[in-house]
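Dear colleague,

I am passing on a structure for you to look through, and below it I have set out what was found. Please keep it open while you read.

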Amino acid sequence: MHGRPRKAPTPEEQRGLAEKAAKLRSLQSQFLQNHHGKIYTKEALEITAKLLEANPEHYTAWNYRKLAVEHNLGRPEAAAGSDFIDSVFAEELRVAESALKRNYKSYGAWHHRKWVLSKGHSSTDREMRLLNLYQRQDTRNFHTWNYRRFITALKSIPAEQELQFTTDMINENFSNYSAWHNRSVLLSHLLEEKAQGYFPKEKILSEEYEFVRNALFTDPDDQSGWFYHLWLVDQTVKVDAPMLVSSWPPHDYDFSNPKDCTLDDCGFFSYTAFKYNTGKFPLVLYFSEAVEGINASTVTFEAEYDIDTNLTWTPLSTYNSVSAQAWVTHLNIPDRKINFPKAYPVKVSLGHSQGIISSSGIPYSHRSCITVYIPLHDSQKAEGQKLERILWTDENFCNLETLCQKSNSLNSVLQLRIKEEIDPTAFKWNVETIANEIAHCRELLSWSTCKIGKLTLARLLMAHGAMMVFNSPDSLSMVHFAEVLELYRSLIELDPTHSQYYKDEYSLVFLKKVILLSVNYSCGVGWGEAPLVASSIESVLGYCHQYSDSTSLSTSGCLCLRLSNLSLSRIGSVEKFLWLQMLDLSHNQLRSIEGLEAMQLLSFLNLSNNKIGSFTALDPLRLLKSLEVLDISYNEIGSHTVDTRRYLCTSPLSHTARSDWNFEEFRICNDSVTNYWEAFSLFRELNLIQLDIVGNAVADDKFKSFLHKLLPGLKWLDGEVLL
């Protein structure tokens, strides 16, 4: 453990271990007999005390003692006076303390001691002395720090006094992670309550930055202070309340009157009009963090025609959660006979009534009004179109720059954002503080090569850029994308153990740069290649292509974002991609597609040649009701014997399995559907007409037969026409 090599026990040690094991088995046998028989005599409790002294982590034994306490408190002696009750709880404290002498990091012993004291029959005077004893033995033991917070709350010890205690402990040893953590907990309460001497917040945080900087510059490779510094940065940059950051359709963008040319001319909307021939259209709200409480009472609508205001909102969450960053509802699309040109305006208001709160319990406090334009439904045009097989080869795509060089339509959509009333001076201290920390971090890295220092600098640079852009969208030049990406490239080489994390962060930064700065990245350049070269805002068209197929009127001209061959391992900036209908993420390093569930217009998706290892990694696809074409060929599905994510998914025994699913209907060659449960729970929710799965270990003939039966609307499977 912790790098210490194991040594083979000597024969004498083996005999001692065998004797100890025999004693434990005997005690456990007697204990279980008493437990099952609900025997709570003095002798039975003594057996349990001996067992816990030998093995403090025996949770069943601790629970038995709790049951014994409740039993004994119901005896006639308990009603006679408090001495009997005090003696019962005193014995429990003694047993817990005895177990802690054996192992002062025992979860069960500390929890049992807290349970005893919470009953209110024991004095807490001795607890601080006990804590001081154990904290001298191990100043970083998080069990004792956690128990200390519990005791100080019981004794109503002022947070200011405890904060001074953390200062003393850090001055003795600044590598005390637990002391730094306790300091962040105490300061959070003091700042939230605006306690005397701890307001304004900016003054206190500035002092804390100076305090932790001494530790960072003394030993840059010690991570304890860096984690506290990360907490300070979070306090500096975070927005207190959740915000609405994006929507589909985009706020205040009229599809019937875009600049220079219509988006239909660029293939932006042509297929969507065909796809939603049912008269329903998705409205997506995307927030800065996960929220709950989106419903007909918290989100209201105004339109020039009768609209169903009793709409059902669905959280776009893959874990069946009641909260999500993205929420969707479906609006009725009027027919062309209504007297509007191409789209009609709908005013969406939220924040005018209470009910929307973040997952951390903070209410949505911004009064937001956005106007979206819903396209009119042409049923006759939609009925006359049909979909042909999609081919993902380069020959079927034309670069959008060559077709729409004079058009600003797509750029207009990418740059749209929901406007908030912002005081230009509101974040002045925040921006200056982060800039100051960037300067100190660069100074430290001028003579130290510590990995966590480089990681912190990358985070600081991105935080500073995000605040600058938030305050003023014209401040894109202040975002140090090239430096951040170079830092992550360096970390990938310096710290191979955590290289996957750095690659994920690199991917997120890269995608953010594509959106904000529209970098023209040559094909095949990834995290290991040369630095990026920024170009004008029009260069975003370099990633956008029109699908060209003379045999299909419905999809020809459809806009596709091609992000292939970029070494991406994670998907980000999803709030900017809500307009996507066709997405090519092939030839990357994706293991997860978390985030795609927000793209409710997505109809064509290419995930071929990635590192997706299971169907549960594709779970976000279940929420994409528009998806018709999916390519997951040449991944690693079925190659891994253990899927650690599978239990996050619906199972046949789960209450989330729908009652109308007929499992026996999909029995293939005497194999039950449960053999393909992950695939069943995924594809059962989709309406695919084209699927490519070749090149995965799971894709044998039996599995393909299963898919053929499961997906009745499927026309093409691995390029072959299904009859």
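Helices (H or I, at least four residues) and strands (E, at least two) are DSSP runs, numbered from the N terminus. This is a predicted model, in which local features need pLDDT of at least 70 and side-chain atom pairs count only at pLDDT 80 or more, while totals for chains, interfaces and linings use all residues. Residues are numbered from 1 along each chain as its sequence is written, and side-chain values use heavy atoms, with hydrogens and water left out.

Tyr 305 lies in the loop between β3 (299–303) and β4 (314–315), and because its relative accessibility is 16%, Tyr 305 counts as buried (buried means under 20% relative accessible area, exposed over 50%, and partly exposed in between, with a 1.4 Å probe and protein chains only).

Another loop, between α6 (107–118) and α7 (125–137), holds Ser 122, which counts as buried because its relative accessibility is 17%. Leaving aside residues up to four places away in sequence, Ser 122 touches Phe 89, Leu 93, Val 116 and Leu 117, where contact means heavy atoms within 4.5 Å.

As for the cysteines, a disulfide is a pair of cysteine sulfur atoms within 2.5 Å, and by this rule the count comes to zero. The closest cysteine sulfur to that of Cys 544 is in Cys 560, and because it is 8.5 Å away, it is too far for a bond. Cys 544 is buried, at 1% relative accessibility, whereas Cys 398 is partly exposed, at 30%.

Best wishes
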